[in-house]
Structures are given as C-alpha cells and as structure tokens.
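Here are my notes for your review. Please read them with the structure open.

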Amino acid sequence: MVSSIASQSAEPATSAGFEYVFPAIRGIQAGREYYASMCPMRLIPKIFLFDEDELAPEVRAQRILNKGRLPALTRYIVDNPTDYVFSAITASVDGDIRFEAIADSGVGMRTGQIRIPMAARFLINDGQHRRAAIEQALKENPDLGEETIAVVFFHDTGLARCQQMFADLNRHAVRPPRSIGVLYDHRDDLAAIVRLLAMRTPVFKGCVEMESSTLSQRSRKLFTLSSVYYATQALLQGLEVTKEQSQELAEAYWTAIDKTIPDWKLVRNRELSARDVRLDYLHSHGIALHALGRVGNALLRDSLTPSDWTPSLTLLSSVDWSRTNPDWEGRALINGKVSKSHQNLTLTVNYLRQHLALQLSAEEQRAEDAYLRGDS
C-alpha cells in the first residue's frame, strides 16, 4: 500500500514504492550524520514507536510511558489549536537511511530528502509523551493531522547507543523554575492575577522575585512569585467569582494581611533588610503565605465582602512569627528548618485558625490530634 507524507514547509513528500521519503536537512554531530525533517501529525502515531511496557528496563531504550501526563498534554493541544508549541521529536531509525541532496556542492549538499524503507523501525529517543498526546488529540480533532512537527532522525546503531542517547538527551534537562512559569504563562488567569499583584499591589511591589523559585541569602526580595501564586490559589480555591472579582479579592485580602505583619512594611521602607526578616521570621516563607491563603479561603467562603472578614484578620497581629517561637517546631519547622510538607502546612494552618477562633476541618483536626499526641 502506498502512503503519503505531506509537509507544509516543503514540496509534498510521498512514499515511493516501499520507502518513506522525508524532506530533510543533513547535519553532523560527534562525527555521525543526522537529519532534521518535518512530519505530519497524522503519521506520528503510525510510524513512531516506543518500547513495550512489559520489557525489563535493561532491554528498553527509554522509560515507561507515564500515562498520568497525557490528559494535560492532550488538552494543551486540543484547547490551543492556534498557538500550541511542541519541540522536536528525536528518533532512531533501525534500517537504512539514504540521503539525496539537491546539489553536489554548496548549501544544497545539506538540503534534500531522506529515503527510509517502510520495513524500518522508528524508535523514539525523546518525545514519547508528545507522541502519545498527539495520538489522543487527533481522535478529538482530526484536522490537526495535517499540521507538522519537527523530527530529528538518527541512525540506530544498537540498544546501547539508543539508551545512551536517552540518557544524554535528558541528562541536562532542567525544568524551569515555577516562578518564571507563572511570569510567562498568559493562558492561566490566576498567573495573570498574581503578576498584577506582584507588580501593582503595594504589599508585594518591589518585594517579589519574579524568576527564581528560591531566594538567595543576599536577595533583597521577601517573596517568590511562585509562593505568591500558590498562596493566592489557595485563597481563591473553589470561589465562584469572575477574574475581575478574583483580582479585587486578592488585593483586598493581602492588603489586610499586610496590616497585621508590620515587618513587611519595614522592609519596603528599607528600615529592615529582607535577608534578616527571612532569617528571623516565618511570615515571608512560602509555607506561611500558603497557610494564610488557606485561612483566607475559609473566611471568603462565608462572605466575599471585605468589610465582613477584614476585622477578623486583626487577630493575626498577635501571632509570634519569629522562628524562636517554640510553637512553630513540628508545625512549620522540623529541627529548626522550614518544612513544606502537606502535614506541616496543615499544622501551620491549624495554628492560624486557632488564633482566629475558626473551627478545624475533620482532616485538620486529625492532623492536630496526631501533633498533640507527638506522633511523627
């Protein structure tokens, strides 16, 4: 059966007889030829394979597919058909690859087409989750099949080489800090709200690290953008409000919290250094912000009107946020170090709820009882 391979960036390429023909550019890495091409989405699930799950790790060329990642990747493509972005798939070809240049000299020597027998096996070295997401997305939107994705072809020289390629391709992969993800994400309404909080609200303006999700010892910032994001997410969780209402509520809430923590204002006025505040107090750490967000969510669920819940927050002025306060050990601190675990977050929330005379949820009460018993 003759199949066709269409490309939007070159003349249509077809399978001649028993060959696939891809438009390609030839390159060299480590003395080996490789080929960069474009492949229609509709062919990705058909010709690119990944190892079967039942194979032992030592005889596979890649990790097992994490199916839990697929729904989010699939929705990303389907929900953003006009502006999704996918990086290239890297594949090894277990079969002959014949390159035909369009010229015998000059730039044309690197441009042309590759011919690969249909009997060859295409093994993905990098991009198996993209491939699986594309397969799922095509079922929901077949029109995506005519779009293309970049593919880099290497010649398969055996299992050891494929395994090494996988290791090398992932060796230096670093997930970008969550803060910069929030800074650059224009699809997430909450990210947009948090960016405005960081840049416009007096509480945070000039005090938020916008790129890194950790603060260096010498940083002049009090908060990271990611910590403000997660705290505000907890604050607005489950509230049926518009984006504009969310923005107003978040600004009002954090402004009210600011009035209960004088140290924040002292840092903004350069009367205290951010470094010293972070070292001596907990209120600028992510766990404290997150806990404050959760406490605020309980208040906002009762009323969205700031005048109803702002007076209650004044009780937080009595909280001793200093790290020397023994009440924090086992809650926000473990052996004197800040802990961000779910258990410690819950215990920190409990402590703040008690100051506001708020009833604990069943989960929070179980955590509190275990803490009081001294359970680890």
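This is a predicted model: local features need pLDDT of at least 70, side-chain atom pairs count only at pLDDT 80 or more; totals for chains, interfaces and linings use all residues.

1. In which sense do β3 and strand β4 pair, and over how many bridges? The pairing is antiparallel and spans 6 bridges. Strand β4 covers residues 32-40.

2. The β3 and β4 strands make a hairpin. Between them sit 2 residues. Ala30 lies in the turn and has a positive phi of about 50°. Along the pairing, Ile25 faces Ala36 of β4.

3. β4 also pairs with strand β10 (residues 148-155). These two run antiparallel and are joined by 7 bridges.

4. Turn next to the aromatic rings. The structure contains 18 aromatic pairs. One of them is Tyr20 with Phe122: the ring centres are 6.0 Å apart and the planes meet at 75°, so this pair is edge-to-face. Tyr20 belongs to strand β3 (residues 19-29) and Phe122 to strand β9 (residues 121-126). The pair links distant parts of the chain, with the two residues 102 apart.

5. Are these two residues buried or exposed? Tyr20 has 11% relative accessibility, so it counts as buried. Phe122 has 1% and is buried too.

6. Ring pairs also build a cluster. Its members are Phe204, Phe223, Tyr253, Trp254, Trp264 and Trp309.

7. Finally, look at Arg178. It lies over the face of Tyr229, at 4.8 Å from the ring centre.

Technical notes
Residues are numbered from 1 along each chain as its sequence is written. Side-chain values use heavy atoms; hydrogens and water are left out. Rings of Phe, Tyr and Trp (its six-membered ring) pair if their centres lie within 6.5 Å; planes under 30 degrees apart count as stacked, over 60 as edge-to-face and the rest as tilted. Helices (H or I, at least four residues) and strands (E, at least two) are DSSP runs, numbered from the N terminus. Buried means under 20% relative accessible area, exposed over 50%, partly exposed in between (1.4 Å probe, protein chains only). A charge sits over a ring if NZ of Lys or CZ of Arg is within 6 Å of the ring centre and within 35 degrees of the ring normal. Two strands pair if DSSP finds at least two bridges between them.
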